[in-house]
Each structure stands twice: as C-alpha cells, then as structure tokens.
Amino acid sequence: MLMNLIYRCKHLKLEEGVYVKRPLIPVTLIGRVQSLNFTAVLDSGSDFILLPLEVAESIGLEFNKEKKDTANTYDGNTISTTKSRVRIRIQKDREKQVFECKCAVFLGKETKFEEIIFGSSFFEHLKILFDYPHNKFQIKK
Amino acid sequence: MNAIDKNFDYFLKNDFSDVKEGEWIAIYNNNVISHGLNLKKVIFEAKKMAPISKVLLSKIKKTASYL
C-alpha cells in the first residue's frame, strides 16, 4: 500500500535567538507486553534503530542482554548494544503502516541524553525527503 | 485528527520550559499528564489518567545533538 506522510520539524530553542530543526516523528513501538507511542528522531547516519534499554523493557521487547555488540559513537567511544527486531507502526491521519525492523538496544547506563533514534534499518523501508527550507519532511513508501 | 496526531501537534508547538532536560513526558489531550526521569513511573502515572494507546511519550531535549 502506498503511503505519503508529511511532517513538520520540531523547533528546538538552544538559546535566545538560536533554534534548530529536528526531524521527529510519532511512532508506535509494538511489544509483547504493550504498545507505546513515542517520538523518534530520524538519523540516516545511524545504522540501526537504537532504543534505550528502558524503552525496550517497557514494551516487552525480546532481546538477549548477554549477547552484546560493540558500537561506535561519532567521537570514537564505544557503547554496548544487543540486536533485536521491533515492530513499528507509523500513522498520520488515515494512513498507517506497520514494519518490522532490525534494532539495537542500548545497554549502557541511562543518561539524560538518550533518545529513540530511527536509523538506516528504518530508512531502508522508505523514501524520505527533507525540505528544511520549508520546515518539513516527507516519508513515502 | 486522531489522538496521536493531536498529541504530536501539541508536542511540536510547545517547548516544555517547565520540564527538565532528560525527563520523559506523557502527552494526552493537549496536556502533559506526567513527567519524570523514570520512564516506567511516567507510564504508570499516565495510565491512571488516560488510555495509554492514545498517550504520546517523549524525552525532553534542550541541547544540540551530534548523533
């Protein structure tokens, strides 16, 4: 089924007169325990969907904490993750799509900076067009 | 407009200046119905006030990110 969703960017005020635009979308993460709606940031530079541990646990995602992978952050530091698969629903107005995507669960200590990142394992299902001058982006399938 | 679209629209329009960076917020019906650092507690409180299937959860960011 074809899908064409258009979203506006979130304006984040960093300081007086300094704003950035963030490509955030509402997503439903479907787990064994429950389905929950979260905002997720789109980031084609990340290889997988990255879920904080508390998010993965809250929906009842199946994963093996003992089977750890090492991943690199942009500054060369490493983090521990474990791979899984997550079912995702994205919807807007009357349009709705469900995908199953590879994901990584971040196993490190929680910090205030973690967020849900939708990386390449989400992008591979879709065409995504960024139109920042017009403050919008489009997700098509 | 469905509940998630409505909550996301509210999320886009607000800067949540009264919520600290790193806190989770639960949005329902143009309100933040619970917030805090512990996601499970935020969900627990939100469930008392709204059907969780119609609640939008987000983590508050106030600084630039370099992912």
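The secondary structure of chain B comprises 2 helices and 3 strands, where helices (H or I, at least four residues) and strands (E, at least two) are DSSP runs numbered from the N terminus. Read along the sequence, these elements of chain B follow the pattern α-β-β-α-β. The radius of gyration of chain B, taken over C-alpha atoms, is 12 Å, close to the 11 Å that the globule rule (2.2 Å times the number of residues to the power 0.38) gives for 67 residues, so chain B is as compact as a globular protein of that length. The structure is a predicted model, in which local features need pLDDT of at least 70 and side-chain atom pairs count only at pLDDT 80 or more, whereas totals for chains, interfaces and linings use all residues. Residues are numbered from 1 along each chain as its sequence is written, and chains are lettered from A and ligands numbered from 1 in the order in which they are written.

Along its principal axes, the C-alpha trace of chain B spans about 35 × 25 × 25 Å. Of the 67 residues in chain B, 31% are buried, a residue being buried if 20 or more other C-beta atoms, placed from the backbone, lie within 10 Å of its own.

In chain A, 3 strands form an open sheet in the order 1-12-11, with antiparallel pairing; two strands are said to pair if DSSP finds at least two bridges between them. The edge strands of this sheet are strand 1 (4-8) and strand 11 (127-131) of chain A, each of which pairs on one side only. Strand 11 of chain A pairs with strand 12 (residues 136-140) of chain A in the antiparallel sense over 5 bridges, and A:Leu129 stands opposite A:Gln138 in strand 12 of chain A.

Between the chains, 26 residues of chain A are in contact with 23 residues of chain B, contact meaning that the C-beta atoms of two residues, placed from the backbone, lie within 7 Å. On the side of chain A that touches chain B, strand 2 (10-15), strand 5 (35-42), helix 1 (53-59) and strand 8 (78-92) of chain A each supply at least two residues, and strand 5 of chain A gives the most, with 5 residues. Strand 5 of chain A is also joined by 2 bridges to strand 3 (residues 56-59) of chain B, and these two strands run parallel. Here A:Phe38 stands opposite B:Leu57 in strand 3 of chain B.

Conventions:
Buried ≥ 20, exposed ≤ 12 C-beta atoms within 10 Å, placed from the backbone.
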